[in-house]
Amino acid sequence: MAAADISLSRPLLQRKEISSSSFLPQKSVKFNFKRSNAKKDFRLPKISCSVSPSQTETPTAAPDITLTPEGNKKECFGVFCLTYDLKEEEKPKSWRKLIKVAVSGAAGMISNHLLFKIASGEVFGQDQPVALNLLGSERSFSALEGVAMELEDSLYPLLREVSIGVDPYDVFRDADWALLIGAKPRGPGMERANLLDINGKIFAEQGKALNAVASQNVKVIVVGNPCNTNALICLKNAPNIPPKNFHALTRLDENRAKCQLALKAGVFYDNVSNMTIWGNHSTTQVPDFVNAKIHGIPVPKIITDTKWLEEEFTEKVQKRGGVLIKKWGRSSAASTAVSIVDAVKSLVIPTPPGDWFSSGVYTTGNPYGIAEDLIFSMPCRSKGDGDYELATDVLINDFLRERIKKSEDELLAEKRCVAHLIGEGNGYCELPGDTTLPGEQ
Ligand code: LMR
C-alpha cells in the first residue's frame, strides 16, 4: 500500500481526493510544506517537494493509494498527492548518495538554464540523484514557485527533492554545493563602491549561513558580480569551511577566450586547451594566450599575429559580456549557465592529462607571486574529487606579469573597499577608475 506522505497546512493548496490509478511512474513523490519559525520577522514559507525511491516492494501494476487517516489528513498538491512504489527490479541500485545543491538567484535567467541541466544529470552524472534547494527573494517568490512547478512537470528521475525559500539559513542546510548566482545588478548612477557594498552584504550573510548550516565541505561557486570579491567576502564569513572550497566563476571568460582563439586559428574550439584567465572577472582580466595551446602547440606558434593576440583578442574577451548586453539587452544567461556546468564538471571529473581549467580561487600559497588572501583566477587541475591543485607548469612572461599586476591591484582595491565586511576594519574605497565588470561598459 502506498500513502500520500504530505505535510502540511497551506491554506492556498487544494485538498484533493485521491483514487487509485493505473498510472505507475517509477518513483515515489511527496510534497512537504512547512513554515519556518527560526526568525521572528516575517518570511515567506519554505516549500519542499521531494521525490524519493520507495522502500516498499509492490509487484502489482496499480498501487493502492490512500489518504492518511482522518485527523492526520494532509494537504497535497497535484502529482505530489501520490506515492508510487517501485518494483524491486526497478530500484536504482547503482545510484550514488543524494547530494544537495543550493542555488541562489534561482528565479533568474541564469538559473532557469542551469537548474534543468542539473536535474537532468548533465552536471553531476547520470547516477547521481540530486536535491535542489532554491533561494529567492520575497519579491521573486511567486516566480520561484513557477520554477519549482516546471521542475515538477519535467519528471526528471534524478531530481529527488526540490525546496524553495527566502532564508539562506533554511535553504543552505546540509548543502554539498552552493551555486551563488543571485546579486543586485548595478543600477543607473550607482557607484561601483555602492555595488560592492550592497552585494557584499548579501554575500557576507550567505557566507555566515553556509558556515552555520551547510556541509562543512560544501563547494561554493560565486557567480553574482563582482564575483571575485563576493567570493572573498563569503569565504571570510565562513571560517568553518576550507578557503579552498570557494570559487569565483571565470569559466565563462575561459570559454569566450577559447572561442576567439579557435575562430582566429580556423579550428574547432575543442582543439584549444590550457586556457587560463588570470585575475578578476572584470575588464582587467588576463586571457593568457602565452600558455594556451591549439592542437597541443603553444598558441603564439599557431597565431603569429602578436598584435592581434595582445590587443584585439585580449580586449574582445575582457569586454565580451558588455558587448553581449548591448546586442541582447541583458546579461549573458545561457552561456553563463553552461560555464557553471563546466566549472562544476571540472571539479567532479578528472582534468584531462596536461590540460587545466580556470577558476577564481584563494591565492594564499600560490606559486605565481600573486598577493595572498585574494580570490584570483588561476590555472587549476582536479582529480575529480571536488578539490583542485594549481598548475605549476606555466610560464609568466613580462607581458602577462604586467597585466596580472593590474588585475591584482584592482582586487586589492576592492578588498580595501569591503574591509568592513571581512573583519578588517573600515572599508575605504579608491577604485581604479578605468576598470569595470564585463557588463558595465
Ligand atoms: C558577463 O561576463 O557576461 C557578465 O558578468 C556581465 C555582467 O556584468 O553581468
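At what angle do helix 4 and helix 5 pack, and how far apart are their axes?

A: Before we zoom in, this is a predicted model, where local features need pLDDT of at least 70, side-chain atom pairs count only at pLDDT 80 or more, and totals for chains, interfaces and linings use all residues. Residues are numbered from 1 along each chain as its sequence is written, and side-chain values use heavy atoms, with hydrogens and water left out.

Now to your pair. Helix 4 (residues 192-213) and helix 5 (residues 227-236) pack at about 40°, and their axes are 7 Å apart. Axes here are lines fitted to C-alpha atoms, for helices over the stretch in contact, and angles run from 0 to 180 degrees between N-to-C directions. Helices (H or I, at least four residues) and strands (E, at least two) are DSSP runs, numbered from the N terminus. The crossing of helix 4 and helix 5 is right-handed, meaning the near helix is turned clockwise from the far one by less than a right angle.

Who touches whom? On the helix 4 side you'll find Leu196, Asn199, Gly200, Phe203, Ala204, Gln206, Gly207 and Leu210, and they meet Thr229, Asn230, Ile233 and Cys234 of helix 5. Contact means heavy atoms within 4.5 Å. Sorted by class, that makes 6 nonpolar, 6 polar and no charged residues. Ala, Val, Leu, Ile, Met, Phe, Trp, Tyr, Cys and Pro count as nonpolar, Asp, Glu, Lys and Arg as charged, and the others, Gly among them, as polar.

Have a look at the loop between strand 9 (219-222) and helix 5, too: Pro226 lies there. A cis peptide bond joins Asn225 to Pro226, with omega about -5°. Most peptide bonds are trans.

Elsewhere, Thr250 sits in the loop between strand 10 (246-248) and helix 6 (251-265). Thr250 has a relative accessible area of 0%, so it is buried. Buried means under 20% relative accessible area, exposed over 50%, and partly exposed in between (1.4 Å probe, protein chains only). Leaving aside neighbours within four places in sequence, Thr250 is in contact with Ile277, His281, Ser358, Ser359, Gly360 and Ser377.

At a relative accessible area of 45%, Asp174 is partly exposed. Its phi is near 60°, a positive value in a residue other than glycine.
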